[in-house]
Amino acid sequence: MRVLMRPLDPDMFDPSCPNSAMPIRIGDKWSAAVIRCLEEGPRRFSEIRVPLRGVTPKVLTQTLRALERDGMVTRTIYAEVPPRVEYELTPLGRTLLKVIAACRQWADEHMTALLAARAAYESRGEAER
C-alpha cells in the first residue's frame, strides 16, 4: 500500500537560481581532490597533478578555472622566465574543507555498506539479463 505524500512543489528549483549556478563544486570528480591538494597552501599545476595522476591536464585546467570562476581558488602569475603560476584557496574555498571532511568521514563510516549495495545491485542486474 502506497502512502500518500504531499506533492513536490513545482517551483522547488527556482528558475532565478538555476542548478547550474550551484556554488558547491565538490560533486564533480576532481574539485574536492583539488581543494584538498590546496589545503596546506599555494601549489603549482605540476604539484597538483602528482597525487591526481588520473586527471588529464585539460580536465585539471577546466577544474581549476571553474573553481577560480566561483571564487574558490585564486590564480597568481609571477613575472618570471618561465612564468610561474600558483593556485591557492580563497577564504571562501577554505570553507569547503569542513564539508569535504564531513563527506570523507561519512565515506569512512559507510563505505562497506555502499560497496555491498553496489555488489547486490550488480548481481540483480546480471540475474535479470
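This is a predicted model: local features need pLDDT of at least 70, side-chain atom pairs count only at pLDDT 80 or more; totals for chains, interfaces and linings use all residues.
**Exercise 1. Bridge partners in the sheet**

Which residue in E3 is the bridge partner of arginine 44?

Solution. 
Step 1. Arginine 44 belongs to strand E1, which covers residues 43–44.
Step 2. Its bridge partner in E3 is glutamate 86.
Step 3. The pairing of E1 with E3 is antiparallel and has 2 bridges.
Step 4. Strand E2, residues 73–78, is also antiparallel to E3, and 6 bridges join the two. In this pairing, tyrosine 78 stands opposite arginine 84 of E3.

**Exercise 2. The chain as a whole**

List the elements of the protein chain from the N terminus on, and state what share of its residues is buried.

Solution. 
Step 1. The protein chain contains 5 helices and 3 strands.
Step 2. Read from the N terminus, the order is α-β-α-α-β-β-α-α.
Step 3. The chain has 129 residues, and 22% of them count as buried.
Step 4. Take the contacts between residues at least 6 apart in sequence: 49% of these join residues at least 24 apart.
Step 5. One pair shows how sequence and space can be compared. Aspartate 28 and threonine 63 are 35 residues apart in sequence, while their C-alpha atoms are 9.0 Å apart in space. Aspartate 28 lies in the segment before H1 and is partly exposed, with a relative accessibility of 33%.

**Exercise 3. The nonpolar core**

How many residues has the largest nonpolar core, and which have the most contacts inside it?

Solution. 
Step 1. The largest nonpolar core has 19 residues, and Val34, Ile48 and Leu52 have the most contacts inside it.
Step 2. At least two residues of this core come from each of H1 (31–37), H3, E3 (84–89) and H5 (96–128).
Step 3. Leave out residues up to four places away from valine 34 in sequence. Valine 34 then touches Ile48, Leu52, Leu60, Thr63, Leu64 and Leu67.

**Exercise 4. Two loops**

Where does proline 82 lie, and where is the place of threonine 90?

Solution. 
Step 1. Proline 82 is in the loop between E2 and E3. These two strands form a hairpin with 5 residues between them.
Step 2. The peptide bond from valine 81 to proline 82 is cis, and its omega is near -5°.
Step 3. Threonine 90 is found in the loop between E3 and helix H4 (91–94).
Step 4. Threonine 90 is buried because its relative accessible area of 11% is under 20%.
Step 5. Apart from neighbours within four places in sequence, threonine 90 is in contact with Gly71, Met72, Val73 and Thr74.

**Exercise 5. Cysteines**

How many disulfides are counted? Decide also whether cysteine 37 is buried or exposed.

Solution. 
Step 1. A disulfide is a covalent bond between the sulfur atoms of two cysteines.
Step 2. A pair is counted when its sulfur atoms are within 2.5 Å. By this rule the count is 0 disulfides.
Step 3. Cysteine 37 has a relative accessibility of 16%, so it counts as buried.
Step 4. Cysteine 103 has a relative accessibility of 42% and therefore counts as partly exposed.

Terms used: Residues are numbered from 1 along each chain as its sequence is written. Side-chain values use heavy atoms; hydrogens and water are left out. A nonpolar core is a set of buried Ala, Val, Leu, Ile, Met, Phe, Trp, Tyr and Cys residues joined through side-chain atoms within 4.5 Å. Buried means under 20% relative accessible area, exposed over 50%, partly exposed in between (1.4 Å probe, protein chains only). Helices (H or I, at least four residues) and strands (E, at least two) are DSSP runs, numbered from the N terminus. Contact means heavy atoms within 4.5 Å. Two strands pair if DSSP finds at least two bridges between them.
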